Amino acid sequence: MATKRDFYDVLGVSKNASADEIKKAYRKQALQWHPDRNKSSEASEKFKEINEAYEVLGNPQKKQTYDQFGHAAFQQGGGPGGPFGGFAGGQGPFTYTYTTYGGESGQGSPFEGFDFSDPFEIFEQFFGGGMPFRQAKQKPRYGLSLTFMEAVKGVEKEVSLDGKRKKIKIPAGVDEGSRIEFNDFYITIDVKPDKTFKREGNDILINQEIPLTTAILGGTIEVPTVDGDLKLRVRPGTQPGTMVRLAGRGVKKLHSYGHGDQYVRLLVKIPSKLTRKQKEILEEF
């Protein structure tokens, strides 16, 4: 391999990073260091290094081998060729973008959040314009910031584009980086984080505190969902960190049917101060 740096360090992620975190880190680094956008002397080598790292860490099988054996496992196989990782048929991540990701099983597109309508638009993102052999006029692109709930539920917005007021309809289920095509322009979505809900794909995760007595004896609590509060039964003897799945309570699947799930992580609240009687009861218990 051309690089001996730890691949996790190259992408700036931890060894426990999820596939989505690895993908997002690659996308960010690739856009930053692409030689046609970054004119520094080190851009080309950096970009090649980033591609090599993602080629391994973005593939579950290769990642497992790398975690076990490190760089030595890949020294005979060689890395991706050139800054586009083998665009004309090699094994770099850009190959899969060109072939609409019919590549190796388990390696998703690192640019899927951009929702490109054709394979050449990946280059437009890098070059800031169309490919030289494409003569069609490109549609203008605008950014739109949404709250978490607006992205989950969908919303109609009135926006100002080139001095003109337009009403646009944002479908339910859009996420950070989603791009929506309208008749004469594109909208790229930015989603503000929420204090209660965390989104992972179409699933939603929340942390919910419960009293120690409820964890021990069981009981009923109310938990927030994107559709309002929901009563949840807590089983006796519930352990801290227990995850409860609420099927179909997640985000609507964009351009598809059904919803994701909501996961409730139960956090047991330990009292910091106890009366003498409470201590005696616990000691007896």
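Contact here means heavy atoms within 4.5 Å. With that in hand, let's work through some exercises. The model is predicted, so local features need pLDDT of at least 70 and side-chain atom pairs count only at pLDDT 80 or more, while totals for chains, interfaces and linings use all residues. Residues are numbered from 1 along each chain as its sequence is written, and side-chain values use heavy atoms, leaving out hydrogens and water.

**Exercise 1. Describe how H3 and H4 pack.**

Step 1: Helix H3 (residues 43-57) meets helix H4 (residues 60-69) at an angle of about 100°, and the axes are 6 Å apart. Axes are lines fitted to C-alpha atoms, for helices over the stretch in contact, and angles run from 0 to 180 degrees between N-to-C directions.

Step 2: H3 is therefore roughly perpendicular to H4. Angles of 65 to 115 degrees get that label, under 35 is roughly parallel, over 145 is roughly antiparallel, and the rest are oblique.

Step 3: H3 contributes Glu55, Val56 and Leu57 to the contact, and H4 contributes Lys62, Lys63 and Tyr66.

Step 4: Sorted by type, these residues are three nonpolar, no polar and three charged.

**Exercise 2. Check the length of H2 and list its buried residues.**

Step 1: Helix H2 (residues 19-33) has 15 residues, and at 1.5 Å a residue it should span 21 Å. The expected span is 1.5 Å times one less than the number of residues.

Step 2: The end C-alpha atoms of H2 are 21 Å apart, which agrees.

Step 3: Buried residues in H2 include Ile22, Ala25, Tyr26, Leu31 and Trp33.

**Exercise 3. Which residues touch the most other members of the largest nonpolar core?**

Step 1: A nonpolar core is a set of buried Ala, Val, Leu, Ile, Met, Phe, Trp, Tyr and Cys residues joined through side-chain atoms within 4.5 Å.

Step 2: The largest core has 19 residues, and Leu11, Val13, Ile22 and Leu57 touch the most other members.

Step 3: Helix H1 (7-11), H2 and H3 each supply at least two residues of this core, and H3 gives the most, with seven.

Step 4: A second, separate core has 17 residues, among them Ile206, Leu232, Leu246 and Val268.

**Exercise 4. Is valine 159 buried or exposed?**

Step 1: Valine 159 belongs to strand S2 (residues 155-161).

Step 2: With 11% relative accessibility, valine 159 counts as buried.

Step 3: Beyond its neighbours within four places in sequence, valine 159 is in contact with Leu144, Lys164, Arg165, Lys166 and Ile168.

Step 4: Leucine 144 is 15 residues away along the chain, with 8.7 Å between its C-alpha atom and that of valine 159.

**Exercise 5. Look at two aspartates in loops.**

Step 1: Aspartate 162 is in the loop between S2 and strand S3 (164-170), and at 66% relative accessibility it counts as exposed.

Step 2: Aspartate 162 is not a glycine, yet has a positive phi of about 55°. Most residues other than glycine have a negative phi.

Step 3: Aspartate 227 lies in the loop between strand S8 (219-225) and strand S9 (228-234), and its 47% relative accessibility makes it partly exposed.

Step 4: Not counting residues up to four places away in sequence, aspartate 227 touches Lys153 and Arg249. Lysine 153 is 74 residues away in sequence and 9.3 Å away in space, C-alpha to C-alpha.

Conventions
Helices (H or I, at least four residues) and strands (E, at least two) are DSSP runs, numbered from the N terminus. Ala, Val, Leu, Ile, Met, Phe, Trp, Tyr, Cys and Pro count as nonpolar, Asp, Glu, Lys and Arg as charged, and the others, Gly among them, as polar. Buried means under 20% relative accessible area, exposed over 50%, partly exposed in between (1.4 Å probe, protein chains only).
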